[in-house]
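Subject: Handover of a structure, with notes

Dear colleague,

Please find below the structure that I am handing over to you. My notes on it follow directly after.

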Amino acid sequence: MTRTNAREVSMHMIFQLNICGETAEDFLAHALSRDVFASFAEEAPIYGDFPEGNQLAYITELVKGVYEHFPELDGYIAKYAVGWSVSRISGVALAIVRVAMYESLYMQAIPPAVAINEAVELAKHYEPDETVSFINGLLGAFARSELSSERVGDSLPSGPRTEETD
């Protein structure tokens, strides 16, 4: 399984976790099984390969980390969702943004520009263009304001996009 596929699987799990009300530990205990992956593989090819080693550890860390930091991440989303109310943001878009924010804040091996680019590419598969632009701008504004300049670099998106400018 590639890192990109592991990120997408993590996003699916974070979306489900937000709905089901289980703890991350309980959810992962049943979701990270070969049987569950096999049952999803016909509908979603990314589930065709069960994650091993580094990718399994990555999925586990990401899902648990986002779960533990839901309030913090949602506070950042509310702060940078210029022109959008959080209630207007789809559950999938929220999961995508939470993944990128968590990676940028807590997974030092993943540069924020990579996390943002991966989030935008993932959003293109699930969301309309307006939402993809919104995600890109929100994450760029978040990274420029909340992360250190050494961590950010100069390859971030230009700024938050509002409904009026899209």
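With which residue does R7 form a salt bridge, and how far apart are the closest N and O atoms? The partner is E118, and the closest N and O atoms are 3.2 Å apart. A salt bridge here is a side-chain nitrogen of Lys or Arg within 4 Å of a carboxyl oxygen of Asp or Glu. Since R7 lies in helix α1 (residues 3-20) and E118 in helix α7 (residues 112-126), the pair ties together parts that are 111 residues apart in sequence. Both R7 and E118 are buried; the classes are buried for under 20% relative accessible area, exposed for over 50%, and partly exposed in between, with a 1.4 Å probe and protein chains only.

Basis of the model

This is a predicted model, in which local features need pLDDT of at least 70 and side-chain atom pairs count only at pLDDT 80 or more, while totals for chains, interfaces and linings use all residues. Residues are numbered from 1 along each chain as its sequence is written, and side-chain values use heavy atoms, with hydrogens and water left out.

The chain averages a pLDDT of 88, and 90% of the residues score at least 70; pLDDT is the predictor's confidence in each residue, from 0 to 100. Over residues 157-166 the pLDDT stays under 50, and the model has 25 contacts for them beyond four places in sequence. A contact means heavy atoms within 4.5 Å. Where pLDDT is low, the predicted coordinates should not be read in detail.

Overall architecture

The chain has 9 helices and 0 strands, helices being DSSP runs of H or I with at least four residues and strands runs of E with at least two, numbered from the N terminus. Of its 166 residues, 49% count as buried. Among contacts between residues at least 6 apart in sequence, 71% join residues at least 24 apart. The accessible surface comes to about 8000 Å², and 50% of it belongs to carbon and sulfur atoms; these areas come from the Shrake-Rupley method with a 1.4 Å probe, and for residues only the protein chains shown count as cover.

Further salt bridges

The structure holds 8 salt bridges. R7 and E118 also belong to a network of salt bridges that includes E103.

E25 is paired with K64, with the closest N and O atoms 2.7 Å apart. Because E25 lies in helix α2 (residues 24-31) and K64 in helix α4, this pair ties together parts that are 39 residues apart in sequence. E25 counts as partly exposed at 49% relative accessibility, and K64 counts as partly exposed at 24%.

A salt bridge also joins the side chains of R88 and E130 (3.2 Å, N to O). It links distant parts of the chain, with R88 in the loop between α5 and α6 and E130 in helix α8 (residues 129-146), 42 residues apart. R88 is partly exposed, with a relative accessible area of 36%, and E130 is partly exposed at 33%.

What does the side chain of E127 reach? It reaches the backbone nitrogen of A93 at 3.4 Å. E127 lies in the loop between α7 and α8 and is buried, yet it has no salt bridge; the nearest side chain of opposite charge, R88, is 9.8 Å away. For charge, Lys and Arg count as positive and Asp and Glu as negative, with His and the chain ends not counted. Leaving aside neighbours within four places in sequence, E127 is in contact with S90, V92, A93 and V132.

Other positions

Helix α4 (residues 53-68) contains Q55, which counts as buried at 15% relative accessibility. Beyond four places in sequence, Q55 is in contact with M1, T2, R3 and A6. G65 is found in helix α4 as well and is buried, with a relative accessible area of 3%. The C-alpha atoms of G65 and Y102 are separated by 7.2 Å, although these residues are 37 apart along the chain.

V86 is placed in the loop between α5 (70-80) and α6 (91-106) and is partly exposed, at 32% relative accessible area. Not counting residues up to four places away in sequence, V86 touches I77, A78 and L94. V86 and G75 are 11 residues apart in sequence and 9.8 Å apart in space, C-alpha to C-alpha.

Yours sincerely

Conventions. A polar contact is a pair of N or O atoms within 3.5 Å; within protein, one must be able to donate a hydrogen and the other to accept it, and residues adjacent in sequence count only if both atoms are side-chain atoms.
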